[in-house]
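Visitor: I am new to this structure and would like to learn how to read its features. Could you take me through them slowly?

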Amino acid sequence: EDFLNLIFKAMMKDSLNSSHPVSSAVQSSEQIEEMFDALSYIKGASLLLMLKHYLTKDVFQAGIEVYLHNHNYESAQSDDFWDSMNEITNGTLDVKKLMKTWILHKGFPLVTVVRKGKTISVQQEKFLYSVETENWTSDESYLWDIPLTYITSSCNFTHCTNAYLLDQKSGM
């Protein structure tokens with residue numbers, strides 16, 4: 001419950017146009033300090049939980065083990081972690097591409113789901129709580145790879161989960 005409260009606080013901050021990406025190039029020690037705030041930590045933890053749920057616990061754990069084995073006693077970068085996850089998924093999913101859309105963009109998407117009969121359509125757009133005109137930037141280029149999981153009447157959440165990767169503005 002405490003973590004969920006922290007997530008909502010981080011999302012509120014991240015929904016402002018003045019937010020910042022989880023990961024970005026820095027030029028000075030002041031910029032480094034700015035990057036290590038609650039938003040980066042809480043959003044980062046949430047993104048790892050999202051990935052764990054999408055890949056499944058066992059695949060995610062195996063990716064962590066590969067990462068730790070490959071970089072034992074070495075320095076590493078975020079790409080090294082995503083490469084380890086790609087190694088474990090055997091090319092069935094480009095984890096690096098998926099996660100870069102989340103860590104290199106500030107903010108998060110609003111996903112709209114519309115059901116018409118037996119057809120479900122989904123659409124994404126950048127969510128902004130409020131627009132601060134002095135910091136406003138266009139959201140036209142924002143596109144996330146969004147792992148969506150869902151259940152149907154033929155299975156429940158504990159026994160089977162279906163997944164769909166929304167990597168375009170809209171899909172069915």
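**Helices and their neighbours**

Guide: Let us begin with one contact, meaning heavy atoms within 4.5 Å: Ser78, Asp79, Trp82, Asp83, Met85, Asn86 and Thr89 in α5 meet Val95, Lys96, Met99, Lys100 and Ile103 in α6. Sorted by class, this contact of α5 with α6 has five nonpolar, three polar and four charged residues, where Ala, Val, Leu, Ile, Met, Phe, Trp, Tyr, Cys and Pro count as nonpolar, Asp, Glu, Lys and Arg as charged, and the others, Gly among them, as polar. Please keep in mind that this is a predicted model, in which local features need pLDDT of at least 70 and side-chain atom pairs count only at pLDDT 80 or more, while totals for chains, interfaces and linings use all residues. Residues are numbered from 1 along each chain as its sequence is written, and side-chain values use heavy atoms, with hydrogens and water left out.

Visitor: At what angle do α5 and α6 pack, and why are they called oblique?

Guide: Axes are lines fitted to C-alpha atoms, for helices over the stretch in contact, and angles run from 0 to 180 degrees between N-to-C directions. Angles under 35 degrees count as roughly parallel, over 145 as roughly antiparallel, 65 to 115 as roughly perpendicular and the rest as oblique. Here the angle between α5 and α6 is about 140°, with the axes 8 Å apart, and the two helices are therefore oblique to each other.

Visitor: How do α3 and α5 pack?

Guide: Their axes lie 13 Å apart at an angle of about 10°, and so α3 and α5 are roughly parallel to each other. On the α3 side Leu48, Leu51 and Leu55 take part, and they meet Phe81, Trp82, Met85 and Thr89 of α5. The residues of this contact divide into six nonpolar, one polar and no charged.

Visitor: Where do the axes of α4 and α5 come within 8 Å, and at what angle do they cross?

Guide: Helix α4 covers residues 57–70 and helix α5 residues 78–89, and their axes cross at roughly 125°, so that α4 and α5 are oblique to each other. Among the residues that make this contact are Phe60, Ile64 and Tyr67 of α4 and Phe81, Met85 and Ile88 of α5.

Visitor: How should I read the span of a helix, for instance that of α5?

Guide: The expected span is 1.5 Å times one less than the number of residues. The twelve residues of α5 should therefore span 16 Å, and the end C-alpha atoms of α5 are 17 Å apart, which agrees. For α3, with 18 residues, the reach from first to last C-alpha is 25 Å, close to the 26 Å expected.

Visitor: Which residues of α5 are buried, and what do they pack against?

Guide: Buried means under 20% relative accessible area, exposed over 50%, and partly exposed in between, with a 1.4 Å probe and protein chains only. In α5 the buried residues are Phe81, Trp82, Ser84, Met85, Asn86 and Thr89, and they pack against α3, α4 and α6.

Technical notes:
Helices (H or I, at least four residues) and strands (E, at least two) are DSSP runs, numbered from the N terminus.
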